[in-house]
Amino acid sequence: MTMDILHTPPRFKPSPQLMKNLLLLAIIGGAVSLIGIFFVPERAWANLLLANYYLLGLGLAAIIFIAILYVSNAGWATAIRRVPEAMTSVIPVAAVVMLFLFFGIHRLYEWSHIDIIEHNHVLQEKTAWLNIPFFIARTIAYLSIWFAFAVYIVKQSRKQDESGAIKAFTRSKTASAIFLVVFAITFSLASMDWIMSLEPLWYSTIFGIYNMIGTFLNGLAVITLIVLLLKRMGPFEHIVTKDHLHSLGKLIFAFSTFWMYIWFSQYLLIWYSNIPEEATYMVHRQQGSWLVFTIVNVIFNWGIPFIALLPAWTKKSEGFLLRVCIIIMIGHWIDLFWMIMPPFMNDAPLVNIWELGPLGGAIALFFYFTFRTLSKGNIIPIKDPTLVESLHHH
């Protein structure tokens, strides 16, 4: 069976109707966002930021996953590596939308208004960092660095399929090690720029790692979801085994628990110190209907995954794992909503077309580009030196 797969690697061909439907949903989501900018500008810009951060996070989580595989010599996942590689194709798309968000900077960020800064000494102290030219420059730098690393690492993987040269594997490994260090710094800063500065008087030293773990957890769920779909649709039918699913399930279980650890650490430190500049953030999110979002956030991102994936057999069950992945995907949106939307919805959270439209469009756009990229080549890296190990993973 292994030799058959190596000589005739399976291909993935999504149905034209599926691709048309995904593209149509993406266009509808984009149209809702544009209409919202004219009718409910503050909510529309905030939801566009949320949806695009979600989209960008999927591409970034994919390259993190690939980099970890290379650095740790984790050959078990080589057979599914084309999935996260395809997911990185959304990074340039999300980068363009992020640049478009500059047009709504005054709707999103309080610190961008000179008249507000003049009457607030705390914001005056932060102007060296929180000013529009430097904010834009940093954003362009973050996006350029991430895109460059993603292109290079994926390009080396594709080159290896053509030549089989071991140097492509070595280059990917070196680039991955550098990327993980650079990413940890740049993404922490980016999450503070794009999300934490929505409430510029508040701060948290854990915010960067909190966002990083949440993004990676959602990325793991989506990688697993696509692997399960490809297994059911045929290409991965004889490649992905229960042992592969078990390993993916263990990763989801571990990072879900890690997410909860960071969430609780942030909450406990804010509660214990009781500093007004910090406490107001949590107080707002524990009042009225926002308390429901706080509770549901923890349940979807940790409670359900922890209980569901505690037994070994559930990690090997396609149906069980598929449902948990969907729950985590919803949970990550709830988490981002919980972080981003309170400044724009002071009284209570609102969820209707202005919230669901951009999110649905972003997810449809993600699957469209991922499936399109997957269909362009072999579904497995046939000349990778660790592929045989992956095919016999147990």
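**Reading the model step by step**

Modeller: Let us start with a pair of residues: arginine 43 and glutamate 355 are both buried. Here buried means under 20% relative accessible area, exposed means over 50%, and partly exposed lies in between, with a 1.4 Å probe and protein chains only. Please keep in mind that this is a predicted model, where local features need pLDDT of at least 70 and side-chain atom pairs count only at pLDDT 80 or more, while totals for chains, interfaces and linings use all residues. Residues are numbered from 1 along each chain as its sequence is written, and side-chain values use heavy atoms, with hydrogens and water left out.

Colleague: What joins the side chains of arginine 43 and glutamate 355?

Modeller: The general idea is that side chains of opposite charge can pair when their charged atoms come close. A salt bridge is a side-chain nitrogen of Lys or Arg within 4 Å of a carboxyl oxygen of Asp or Glu. Arginine 43 and glutamate 355 meet in one, at 2.7 Å from N to O. The pair links distant parts of the chain, with arginine 43 in helix α3 and glutamate 355 in helix α17, 312 residues apart. Helices are DSSP runs of H or I with at least four residues, strands are runs of E with at least two, and both are numbered from the N terminus.

Colleague: How many salt bridges does a search of the whole structure find?

Modeller: The search finds eight. One of them joins arginine 82 and glutamate 85 at 2.6 Å, N to O. Both residues lie in helix α4, three residues apart, about one turn of the helix. Arginine 82 counts as buried because its relative accessibility is 1%, and glutamate 85 is buried too, at 2%. In another salt bridge, the closest N and O atoms of glutamate 318 and arginine 232 are 3.5 Å apart. Glutamate 318 lies in helix α16 and arginine 232 in helix α11, so this pair ties together parts that are 86 residues apart in sequence. Glutamate 318 is partly exposed, at 24% relative accessibility.

Colleague: Which residues are linked in a network of salt bridges?

Modeller: The network links Arg81, Arg82, Glu85, Asp161 and Asp384.

Colleague: Now the whole chain, please. How many helices and strands does the chain have?

Modeller: There are 18 helices and zero strands. The C-alpha atoms fill a box of roughly 70 × 40 × 40 Å along the principal axes. For overall shape, the radius of gyration is taken over C-alpha atoms, and the globule rule is 2.2 Å times the number of residues to the power 0.38. With 394 residues, a compact globule would have a radius near 21 Å, and the chain agrees at 21 Å. Buried residues make up 57% of the chain.

Colleague: How do I read the packing of a helix, and which elements do the buried residues of α5 pack against?

Modeller: Look at contacts, which means heavy atoms within 4.5 Å. In helix α5 (residues 91-100), the buried residues are Ile91, Val93, Ala94, Ala95 and Met98. They pack against α3, α9 (132-163), α10 and α17.

Colleague: And which helix holds methionine 329?

Modeller: Methionine 329 lies in helix α16 (residues 318-340) and is buried, at 11% relative accessibility. Leaving out residues up to four places away in sequence, methionine 329 touches Tyr54, Asn218, Val222 and Leu225.
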